[in-house]
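Start with the view below, then read on.

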Amino acid sequence: MARPRNLMTLRKLRQNPFVRELTQEIQLSANQFIQPLFVVEGLGSKAPVPALTGVFRETSESLLKQVEADLEKGIRKFLLFGVPQSKKTKGFDFTFTTEQIKALKKNFGSDIWLAVDVCLCSYTDHGHCGILENPHTVQNDSTVAELARAALHYAEAGADCVAPSDMMDGRIAAIRDTLSEQGLLEKTIIMSYSAKFSSRFYGPFREAADSAPKGDVQLKDRATYQIDPSRPTDAYLSSLRDAKEGADILMVKPAMPYLDVLKTLSTKIRLPWAVYEVSGEYAAIELLAAQNLMDGPKAHVEAWTAMKRAGASIIISYGARHAPKWIPK
Ligand code: PBG
């Protein structure tokens, strides 16, 4: 019996890898991945981060070796988190992180592209991303002043990009003005964590960066500065504001639970978009894979494909260093 003309035969283009490759709409490239790095002051030796397979808390020495190994695998773009030993309430000292930037740039120069996370949560004794005014309030403006000072130190030390992740109001403008006054704005990219949600998926990171908030009931989490998961409009306004203040790249974070936000915002605001596949998301796949409940590398590629589909150019992932191997050729 002849098949009715109007019947769609969509399986024709699924029948073998050749037609499937030819008809792909989304292509992953390891060139658009950024690998996070943690360097911890006073650490005796390189130590794995629980649940983040293949990710380590590095010493100053092991950091250089790790980057060398990554370069050999073709990973050249990094996001550095400096974790100083002594924690403070104010008057932070950014020397440790600055020294790591200088060492990386001295050793690898323009072979690497180095972004540096700008936040205070690894610097404060309470783990919040800013200065506490009283036990209950993270003070906006004094925090912004410290963040701008940090960004300036990092840019002077040779960072190619500064990436503020604190979620204070006005920090992009302050960083921009500070860099501009010092003649560093032209060469330093500002990547704003513009749509950063208050999320449970940051758990493993806070172990790695000593940054779990230790406040009282009112400050037990970061809900007074990070975006509420139920408020996509806040993410839009925050990203629009950061774009106007001079951010070069915007970001949605976490990734998978917020792909609807990424899709909408990347359509509305035409700047390059990064997405941060955060520690809990990466670890969830790794833990399932370790239980033989799924194929880890293929699951990561599937998740990354979804992030691209939603509009990301840049993917920040703990698995970036595996991307050249895991992405099908
Ligand atoms: C710090 C910061 C966080 C992450 C990047 N910068 C965590 C937080 O807000 O507690 C998240 C990274 C991750 O979970 O992988 N402001």
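## Contacts with the ligand

In this predicted model, a polar side-chain atom of Lys196 lies 2.8 Å from an oxygen atom of the ligand. Gln226 also places a polar side-chain atom 2.8 Å from a ligand oxygen. On the side chain of Lys253, an N or O atom is 3.4 Å from a nitrogen atom of the ligand. A polar contact here is a pair of N or O atoms within 3.5 Å; within protein, one must be able to donate a hydrogen and the other to accept it, and residues adjacent in sequence count only if both atoms are side-chain atoms.

How much of the ligand does the protein bury? The protein buries 100% of the 400 Å² that the ligand exposes when taken alone. Such areas come from the Shrake-Rupley method with a 1.4 Å probe; for residues, only the protein chains shown count as cover.

## The shell

The ligand has 18 residues around it. Arg206, Gln226, Lys253, Ser279 and Tyr318 come nearest. To be near, a residue needs a heavy atom within 4 Å.

By class, the shell holds 10 nonpolar, three polar and five charged residues. Ala, Val, Leu, Ile, Met, Phe, Trp, Tyr, Cys and Pro count as nonpolar, Asp, Glu, Lys and Arg as charged, and the others, Gly among them, as polar. β9 (189-196) and α6 (203-208) each supply at least two shell residues.

## The chain

The chain has 11 helices and 12 strands. These are DSSP runs, numbered from the N terminus: helices are H or I with at least four residues, strands E with at least two. Its C-alpha atoms fill a box of roughly 80 × 40 × 40 Å, taken along the principal axes.

## Backbone details

Lys253 returns here: a cis peptide bond joins Lys253 and Pro254, with omega about -10 degrees. Pro254 sits in the loop between β10 (249-253) and α8 (259-268).

Ala51 is not a glycine, yet its phi is positive, about 75 degrees. Ala51 lies in the loop between β2 (47-48) and β3 (56-58).

## Basis

Residues are numbered from 1 along each chain as its sequence is written. Local features need pLDDT of at least 70, side-chain atom pairs count only at pLDDT 80 or more, totals for chains, interfaces and linings use all residues, and side-chain values use heavy atoms, with hydrogens and water left out.
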